[in-house]
Amino acid sequence: MSGHRPLRTSAGPRSGWSARTLDEEAFSERLSGVTIPHTTPEHPEDMAAALITAITGACSASISGRGSRHRRRHEPFYWWTEEIAALRRQCLRARRLAQRARGRAMEGARLSKFAIARGRLRTAIEDSKRRCWIALYDEVDRDVWGRPYGTVMSRLRGPRATPPREPSLVRRTVTALFPTVTEELIRPPAGPVGAIVPAVTLEELRRARGRIRDGAAPGPDGVPNRAFKLAVALRPDAFLRVYSACLSGGVFPSP
């Protein structure tokens, strides 16, 4: 009950879903009409798979994929200001006028105006960069590990290591980094005879839901945490049955 990732058993869309486009009404309507079948205590993972399939289906019906409509805008350069933006617009306008005046009597005058506008823009950019550099330099004394540290580290480029070419070394490296994992379900040792595992309570489910952060990365299925928390609020009965069945059967559904 430490989080919702134990139920992640199916993969979502390759591009993922954007939580900002979640239509809560459509999500609720889709998930409320889904029936989560009961299962035998020997196979609680089937119930978990059915639940997460219902959630991913509701996401597909109510959330847009990342990059489909809402694209993240790039942050402006650190030295960018409103003054520079205005000078850039003036420079672009002067360039267009100079290009349209080619071969005409006013071509020389238009080119001169364009050169002046371009010079003003370059001067403003250089002045802004200088001021920002001084501010960054002064910030080092106040916050050693802040923005100055990040700026310097982003500029450092070390020499690239030569990749191994010996086949035996490559095989040993791959085997060590990516060990073979058996697909066989590993169950915990049997408890005392007649022991009863207490069912998960609604209060425990609510506390676990409250610990899920909206901005945290989703699991392998790509379901946004905001959508998962909404699913818990809509169908607590299904989650209680799935969690209790998994605990009782000693099963941890694999992603």
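Helix H3 contains 19 residues and reaches 27 Å from its first C-alpha to its last, close to the 27 Å expected at 1.5 Å a residue (the expected span is 1.5 Å times one less than the number of residues). Helices are DSSP runs of H or I with at least four residues, numbered from the N terminus. The model is predicted: local features need pLDDT of at least 70, and side-chain atom pairs count only at pLDDT 80 or more, while totals for chains, interfaces and linings use all residues. Residues are numbered from 1 along each chain, and side-chain values use heavy atoms, with hydrogens and water left out.

H3 (residues 82-100) packs against H4 (residues 107-142) at an angle of about 160°, with the axes 8 Å apart. Axes are lines fitted to C-alpha atoms, for helices over the stretch in contact, and angles run from 0 to 180 degrees between N-to-C directions. H3 and H4 are therefore roughly antiparallel (an angle over 145 degrees). The residues of the contact between H3 and H4 comprise twelve nonpolar, two polar and six charged (Ala, Val, Leu, Ile, Met, Phe, Trp, Tyr, Cys and Pro count as nonpolar, Asp, Glu, Lys and Arg as charged, and the others, Gly among them, as polar).

In H3, the buried residues are Ile84, Ala85, Leu87, Cys91, Ala94 and Ala98, where buried means under 20% relative accessible area with a 1.4 Å probe, protein chains only. H4 is included in what covers these residues.

Cysteine 59 lies in helix H2 (residues 44-62) and, at 0% relative accessibility, counts as buried.

Notes:
Helix = DSSP H or I, 4+ residues; strand = E, 2+ residues; numbered from the N terminus. Parallel < 35°, antiparallel > 145°, perpendicular 65-115°, else oblique. Buried < 20%, exposed > 50% of the residue type's maximum accessible area, 1.4 Å probe, protein only. Contact = heavy atoms within 4.5 Å.
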